[in-house]
Amino acid sequence: MKNFVRRRLCLLALLAPPALTTPARATVVWTATLEKGDLSEWGSGPNPTKTLPDGTVRKNVEVVGEQVYGGKFACKITVHPDDTFGQYNQDRVDIKHDSTLTGEGKDSYLSGYYYLPEDAKTRNEIAFYETKGTSRNWMDLWVEPKTGGGTTVKFGIESNGAILGSVLVWTGDWTAKRWHQFAIHVHWSTDPQQGLVDLWFDGQQVVTGYKHKTKFDGNDMFYETGLHRVLPKAFVETIYFDDFIEADTLAEIKIAVPMEGGGSDGGTTTPGSGGTGGGVGGSGGTTDAAGGAGAGGGGGAIGAAGNAGAGGGQGGSAGTGGTAGTGASGSAGTSGAAGAGGYPPSASGACGCATTGTTSARVLGAFGLLALAAMRVRRRRRHHPRDDC
């Protein structure tokens, strides 16, 4: 009898579902909300202050309570004609963040909000990635006057001499006196076949899986933001920014349309390695992203599917899907639609897989077999009272 029970238990062990692995936890590695009332979340850059001829000290970088996106404080940066940078013939005031996610093969996700109180008067780099040690500017976001009035925003990779962002990737429209969110995902690599860039502007994905060399060399990168004019100009300009997040997954950087509403039509992606960006996530999605799973019904009602976007985010993932039910063992959630494209570039867009009752059925089946084995043991004992098992 003991051998019989052992055999039954071994059979149950084989039929039981494998242990579920714990998924890797997403990590926010840096935030800069400025709610401490100081610049301790940022590193110093060129010209944070300027000593004037009369001995007074002018603050070019300030934490202020005006033009705030979230909370009580934002950062205000002002550049003046005399804010020259080193031996270079430039006006420049900016601050930086030393990223820990820019090593070869790593992925970084970063978002933040920007506000211009007036249209651009000249080209200004407002954000860029630069190499530590070798000081090579490699990715640039800039604004410049738009033909016929208004402001254009552009993103480019590489620097060719004095031309920053010499490989133009995307162009869009920027509205003054309105907050805009810029978000970027980079798969960092010195190999142009491995490096990838995704961009979001005001909640909309505008660049999807753009393949390019994303590291100039083996050095890590830092992110710098502010106002950087390639040539000195005889006027003053100001920018505000707020609420930055850097993480190792997309969901953590909270991509969304700014509260005041968007300020662009999505712009255009330059043809080539990338492709046009996806649309805003569909009826199940919270932000822009394509492909992805509607949430499975953990019980009760069926989760609604997330509609597919046009471009494919990481893994061709879609807008986050519908809500899960709350019942004890309800129906499976509906699959999210497949993304078109996605990262890595070889993927055709992963479908959002529905949560099913398969695992629950296997668990319940295993318990049923265990109960059956116990019943058989009791029967054998009743029919063989002298059995010493």
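**View 1. The buried residue Asp91 in strand E7.** Asp91 has a relative accessible area of 0% and is therefore buried, where buried means under 20% relative accessible area, exposed over 50% and partly exposed in between, with a 1.4 Å probe and protein chains only. Asp91 is found in strand E7, residues 88-98; strands are DSSP runs (E) of at least two residues, numbered from the N terminus. This is a predicted model, in which local features need pLDDT of at least 70 and side-chain atom pairs count only at pLDDT 80 or more, while totals for chains, interfaces and linings use all residues. Residues are numbered from 1 along each chain as its sequence is written, and side-chain values use heavy atoms, with hydrogens and water left out. A polar atom of the Asp91 side chain lies 2.9 Å from the backbone nitrogen of Lys233. Leaving aside neighbours within four places in sequence, the residues in contact with Asp91 include His80, Asp83, Leu227, Arg229 and Lys233, contact meaning heavy atoms within 4.5 Å.

**View 2. Gln194 in a loop between two strands.** Gln194 is found in the loop that runs between strand E13 (179-187) and strand E14 (196-201). With a relative accessible area of 43%, Gln194 is partly exposed. Once its neighbours within four places in sequence are left aside, Gln194 is in contact with His187 and Ser189. The C-alpha atoms of Gln194 and Thr214 are separated by 8.6 Å, and these residues are 20 apart along the chain.

View 3. Most residues other than glycine have a negative phi. Asn47, a residue other than glycine, has a positive phi near 55°, and it is found in the loop between strand E1 (28-32) and strand E2 (49-51). Asn47 counts as buried because its relative accessibility is 16%. Lys254 is likewise not a glycine and has a positive phi of about 55°; Lys254 lies in the loop between strand E17 (237-247) and strand E18 (268-269). Lys254 counts as exposed because its relative accessibility is 60%.

View 4. About 70 Å³ of space lies in the largest cavity, and the count comes to 3 cavities of 30 Å³ or more. A cavity is a set of points, on a 1 Å grid over the protein atoms alone, where a 1.4 Å probe fits but cannot get out, and lining residues have an atom within 4 Å of a point. Among the residues that line the largest cavity are Leu116, Pro117, Asn124, Val143, Glu237 and Thr238. The lining residues divide into 5 nonpolar, 2 polar and 3 charged.

Terms used
On a 1 Å grid over the protein atoms alone, a cavity is a set of points where a 1.4 Å probe fits but cannot get out, and a pocket is an open set with protein on both sides within 12 Å along at least five of seven lines; lining residues have an atom within 4 Å of a point. Grid points are joined across faces, edges and corners, and a volume is the space filled by probe spheres set on the points. Ala, Val, Leu, Ile, Met, Phe, Trp, Tyr, Cys and Pro count as nonpolar, Asp, Glu, Lys and Arg as charged, and the others, Gly among them, as polar. Helices (H or I, at least four residues) and strands (E, at least two) are DSSP runs, numbered from the N terminus. A polar contact is a pair of N or O atoms within 3.5 Å; within protein, one must be able to donate a hydrogen and the other to accept it, and residues adjacent in sequence count only if both atoms are side-chain atoms.
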